[in-house]
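Subject: Structure handover

Hello,

Here is the structure I promised to pass on. Please open it first, then read my notes below.

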Amino acid sequence: MSGGEVHWYTWLNKLRRSWRYRLAYRLARPQAPKQPIPFRGPALIVGSAPASNLPDGFDSRFSVICVNGSQIVTADWGIDAPDVTFLQFNQVEGNGERATAVRRALSGKRCRILYVLRWPKSEARLREGLAAFDYGFDELRLINQYDRTRLAESVLGRVIAEGDNESKFSNGITSLLYAIHNGATAVIITGIDPSSTGHIYNALNMQRLHSDTDVKILIELLERGFRLYTSDPHVAESTGLPLWSKKELRE
């Protein structure tokens with residue numbers, strides 16, 4: 001098979017996967033995850049990149065959303081329990097070094113609402129797994145890939161088909177879309193850096209997945225006029241996101 005034929009075949013397979021995903025998505029009729037009481041102020045999204053910064057003017061008006069093991073950062077800031085945590089399913093029982101590090105970072109901590117993404121087993125098994133590393137929550141919710149796609153569609157007005165890893169977006173972007181969908185007056189991200197490697201809770205220096213898709217979504221949200229900021233100067237410089245200042249707070 002020639003190079004041109006390989007390229008054509010790859011493109012056709014990608015198109016087929018996207019079509020199958022879109023069909024399954026429509027048949028599933030998913031709902032975007034909903035906050036019990038909509039956010040009434042700014043939302044701080046805390047990711048697990050090596051560098052994070054507490055936003056200027058942070059106070060009780062902010063809601064806090066953590067991604068995977070980033071609660072190790074918010075705990076140092078004196079935040080007892082984030083309003084929401086998004087946790088990837090394989091962090092609960094995975095044997096890899098990254099999953100182990102996430103569990104170590106979350107051990108003994110808690111949040112108000114815990115979303116576990118794409119959990120493939122029973123809820124009882126999930127609760128047992130969370131209890132094994134002593135992670136607490138007021139409410140446990142499951143979210144599958146179609147719910148996440150519906151969340152993106154509700155904000156962006158289009159379907160992002162998760163036909164392959166290249167087309168998926170990160171849990172940090174999921175958290176950001178959740179905040180927008182649920183009424184946050186502004187969204188500030190920290191520890192979310194598509195160009196970085198490594199995580200604050202381990203020393204593995206692993207490459208970030210979905211970086212290209214994440215950057216495209218960040219730019220699209222800015223172009224659509226959403227109040228999106230970063231509190232990380234280096235991310236503002238690399239992505240074009242405006243740097244947050246407390247003057248952006250609305251009474």
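A polar contact is a pair of N or O atoms within 3.5 Å; within protein, one must be able to donate a hydrogen and the other to accept it, and residues adjacent in sequence count only if both atoms are side-chain atoms. This is a predicted model: local features need pLDDT of at least 70, side-chain atom pairs count only at pLDDT 80 or more, and totals for chains, interfaces and linings use all residues. Residues are numbered from 1 along each chain as its sequence is written, and side-chain values use heavy atoms, with hydrogens and water left out.

Helix 6

Helices (H or I, at least four residues) and strands (E, at least two) are DSSP runs, numbered from the N terminus. Helix 6 covers residues 145–156. At its start, a side-chain oxygen of Asn144 comes within 2.9 Å of the backbone nitrogen of Tyr146. Just after helix 6, Gly157 has a positive phi of about 75°.

Arg148 also meets a ring. Its charged end sits over Phe169, 4.9 Å from the ring centre (the cut-offs are NZ of Lys or CZ of Arg within 6 Å of the centre and within 35 degrees of the ring normal).

Aromatic pairs

The whole structure holds nine aromatic pairs. Rings of Phe, Tyr and Trp (its six-membered ring) pair if their centres lie within 6.5 Å; planes under 30 degrees apart are stacked, over 60 edge-to-face, the rest tilted. Phe62 and Trp244 are edge-to-face, at 6.0 Å centre to centre and 85° between planes. They sit 182 residues apart: Phe62 in the loop between strand 1 (43–46) and strand 2 (63–67), Trp244 in the segment after helix 9 (233–239). Phe62 is buried at 6% relative accessibility. Trp244 is buried at 6% too.

Phe86 and Tyr178 have ring centres 5.4 Å apart and planes at 75°, so this pair is edge-to-face. Phe86 lies in strand 3 (residues 84–88) and Tyr178 in helix 7 (residues 171–181), so the pair ties together parts 92 residues apart in sequence. Both residues are buried. Ring pairs link Phe39, Phe86, Tyr115 and Tyr178 into a cluster.

Arg141

Arg141 is in strand 5 (residues 136–143). It counts as buried, at 19% relative accessibility. Its side chain reaches the backbone oxygen of Lys34 at 2.5 Å. A 2.7 Å polar contact joins the side chains of Arg141 and Tyr115. Beyond neighbours within four places in sequence, Arg141 is in contact (heavy atoms within 4.5 Å) with residues including Pro36, Ile113 and Tyr178.

Nonpolar cores

A nonpolar core is a set of buried Ala, Val, Leu, Ile, Met, Phe, Trp, Tyr and Cys residues joined through side-chain atoms within 4.5 Å. In the largest, of 33 residues, Val187, Ile189 and Leu221 touch the most other members. Helix 7 gives the largest share, six residues. Apart from this core lies another, of 14 residues, among them Leu87, Leu126, Tyr135 and Leu140.

Best regards

Conventions
Buried < 20%, exposed > 50% of the residue type's maximum accessible area, 1.4 Å probe, protein only. Expected span 1.5 Å × (residues − 1).
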